[in-house]
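Colleague: I'm new to this one and would like to know what the labels rest on. Can we go through it together?

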Amino acid sequence: MAAFYNTHIHTFRGDKDVPENYLPIGLVKLLSTKVGFFIVANLMSWLNSFSKNGMFERYRLFAALGKLGSQQAIFEKCYNEYPKDTKFIVLTMDMAYMGAGAVPRKYEDQLIELSNLQKIYPDNVLPFIHIDCRRDNCFDLFKTAIEQWNFKGLKLYPTLGTFPFDKRYYPIYEYCQTHNLPVVAHCSDGNPVFYKGKKNDLLQLLQGSTIPLVLGKKDNKALCAYFTHPLNYQQVMDDFPNLKICLAHYGKGNDAPNDVGGMNWDQTIKEMMKTYPNLYVDCAYSLYNQNWWSSIKVQLSTDPLLRDHFMFGSDFYMLEVDGTEKQCDIDFRAFIGEELFQQIAVTNPKKFMNVS
Ligand SMILES: [Zn+2]
């Protein structure tokens, strides 16, 4: 079998790339010391049982992996669990505009570190640059990453507070479309990484929503789902018909309440696939939910459009327990069978990456 792709992993560093107020009451600073880490990491799961939004648990992973000290060490922790010729789309993260304070190091440093890792693993690491359009000169940064640092595509993370149809992204989409560069976009509701600033600021950011806002008693996390709703990509795909966009985390929202048109997010995406041939999905994070495997196997076996646009991605290290990555991937591969696996881990990613 040809080398396969894992189209969705992360190697950014919890100690350097996550803003200092990501957690309340100075916990981020405390976690950066050895003793503090030991105490807080063990308290985290306890804290987490009181926190309905999963934010402590997510940060515990950021901090634990950050302790490895380099993106190379984080990457190798994942890479070593796969066949040596596996290719990984590695997604960076710009968390400077999520209303959680300053990020310890410059975003450029995260990008350059990943670019250097790409030089060590030229056949295995496919870096995608996350752009937040609130960053000054983000188009120039994007161009530099592609043209000088060997980045291969664009990452969007709308839950941090921007809509994908924001016109500030358009020059980048234009560039991607012209140069055949694909886009991976975070697309799930109930995500623990979201805009953490003041509610009033968030409501301001949500002003441009094309989906009618139902505010009720929703907290920031719930409200941020409006940024990342699949329907927000219709306008982008109408304006850039040749742009390949992967809506990540298919299968995570299949229990989400029906919000627009009586359909959940997965159903909405499947409907959109009928109109937009360049729309893809991945199973990042959803993969870890074994209860979902039967459902997705049946969907892939009976829906040819989905089968031709579904990609294998794991979301390493967002749900990391030692040994899980390998076991989960092999179990999943055995469960869906070689023919489907070849389709979602080789054929579709190659089409997505424009590789023959
Ligand atoms: Zn992810």
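Colleague: Which residues have the most contacts inside the largest nonpolar core?

Modeller: Val90, Leu154, Val183, Ala185, Ile245, Cys246 and Leu247, in a core of 92 residues. A nonpolar core is a set of buried Ala, Val, Leu, Ile, Met, Phe, Trp, Tyr and Cys residues joined through C-beta atoms within 7 Å. Bear in mind that this is a predicted model: local features need pLDDT of at least 70, side-chain atom pairs count only at pLDDT 80 or more, and totals for chains, interfaces and linings use all residues. Residues are numbered from 1 along each chain as its sequence is written.

Colleague: Which residues does Leu247 contact, if we skip its neighbours within four places in sequence?

Modeller: Ala185, Cys187, Pro230, Tyr233, Ile269, Leu279 and Val281. A contact means that the two C-beta atoms, placed from the backbone, lie within 7 Å. In the protein, among contacts between residues at least 6 apart in sequence, 79% join residues at least 24 apart.

Colleague: How many helices and strands are there, and what counts as one?

Modeller: There are 16 helices and 8 strands. Both are DSSP runs numbered from the N terminus: helices are H or I with at least four residues, strands are E with at least two.

Colleague: Why is the sheet called open?

Modeller: Strands pair if DSSP finds at least two bridges between them. The order is β1-β2-β3-β4-β5-β6-β7-β8, with parallel pairing. The edge strands, β1 (5-9) and β8, each pair on one side only.

Colleague: How do you know that β7 pairs with β6 and with β8?

Modeller: By counting bridges: 3 join β6 (residues 245-248) to β7, and 2 join β7 to β8 (residues 310-311). Val281 in β7 is the bridge partner of Leu247, and in β8 Phe310 is the partner of Val281.

Colleague: What covers both faces of β7 to mean, in terms of residues?

Modeller: In β7 (residues 279-282), Leu279 and Val281 are buried on one side, and Tyr280 and Asp282 are buried on the other. In a regular strand the side chains alternate between the two faces of the sheet.

Colleague: Why are the buried residues of helix α7 said to be on the same side?

Modeller: The buried residues of α7 (residues 170-178) are Ile172, Tyr173 and Cys176. They cover an arc of only 100° around the axis, which puts them on the same side of α7. The arc is that of the directions from the helix axis to the C-beta atoms. These residues pack against α6 (138-148), β4 (153-156), β5 (183-186) and α11 (233-239).

Colleague: What makes the peptide bond from Phe316 to Tyr317 stand out?

Modeller: That bond is cis, with omega near 0°, whereas most peptide bonds are trans. Tyr317 lies in the loop between β8 and α15 (324-336).

Definitions and conventions:
A residue is buried if 20 or more other C-beta atoms lie within 10 Å of its own, exposed if 12 or fewer, and partly exposed in between; C-beta atoms are placed from the backbone.
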